[in-house]
Amino acid sequence: MLCKDGTRKVKFSYKGIFNELLDKIGLMPLPPYIHEELQEKERYQTVYAKYEGSAAAPTAGLHFTEELLKELTKKGIEIANVTLHVGIGTFRPVKVEKIEEHEMHSEHYYIKKEDAEKINKAKQERRRVIAVGTTSCRVLESIADEQGFVNEQKGDTKIFIYPGYKFKCIDGLITNFHLPESTLIMLVSAFAGQEYIMGAYEEAVKEKYRFFSFGDAMFIK
């Protein structure tokens, strides 16, 4: 079935366990700019992933290894986990003339009590909350109150962050270099300022940084 937003709904008839069948005969969903099939699907997965459900990997997290996470912990950096099942909307360019008219796909999120408490403690002690990836950022900004505090909860979010948005929770962001006209580049522009981000992208092009899913990352604050 073809939907109004250009997506399609498909009904499957099968015998057995659906997820096992998908894992056996399916292909890793990849962004449209990746034209080769991944021989090792683990390459498109973070080392700290736990749950199935995303249509794409949180690519900023691909830069982290088990060793790096251990080093961060040794330095006293606390790590809080959040879950966001990335939807296909992350690949969709913004095609409307007025960005307020762009509609995000709904994405499911979840944060546990112990992780919410870590974030709240950091806010209370005036320590920075650094989001790894726009996915983590969207979760925290969806659930934070006006003071930036969060609670254990799960739900769905269609948050669209673009310039003019006032961030409540995060103080820094680690993210990749994104596609032009994407909601992701609008999010980072909202956080660091459009002029600053465009300057960073110009420098990245000049220095031949790698863009998109398997590309380089930047830390903005």
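Me: What should I know about the model before reading it?
Reply: The model is predicted, so local features need pLDDT of at least 70 and side-chain atom pairs count only at pLDDT 80 or more, while totals for chains, interfaces and linings use all residues. Residues are numbered from 1 along each chain as its sequence is written, and side-chain values use heavy atoms, with hydrogens and water left out.

Me: How many aromatic pairs does a search of the whole structure find?
Reply: A pair of aromatic rings is described by the distance of the centres and the angle of the planes. Rings of Phe, Tyr and Trp (its six-membered ring) pair if their centres lie within 6.5 Å, and planes under 30 degrees apart count as stacked, over 60 as edge-to-face and the rest as tilted. The search finds 10 aromatic pairs, among them the tilted pair of Tyr14 and Phe18, at 5.0 Å centre to centre with 40 degrees between the planes. Phe211 and Phe212 are edge-to-face, because their planes stand at 85 degrees, with the centres 5.8 Å apart.

Me: Which residues do ring pairs link into a cluster?
Reply: The cluster consists of Phe177, Tyr201, Tyr209, Phe211 and Phe212.

Me: Which strands stand at the edges of the sheet?
Reply: Strands (E, at least two residues) are DSSP runs numbered from the N terminus, and two of them pair if DSSP finds at least two bridges between them. Here three strands form an open, antiparallel sheet in the order S1-S2-S4. Strand S1 (83–84) and strand S4 (153–157) are at the edges, because each has a single partner strand. Two bridges join S1 to S2 (residues 107–111), and Leu84 stands opposite Tyr109 in S2.

Conventions:
Helix = DSSP H or I, 4+ residues; strand = E, 2+ residues; numbered from the N terminus.
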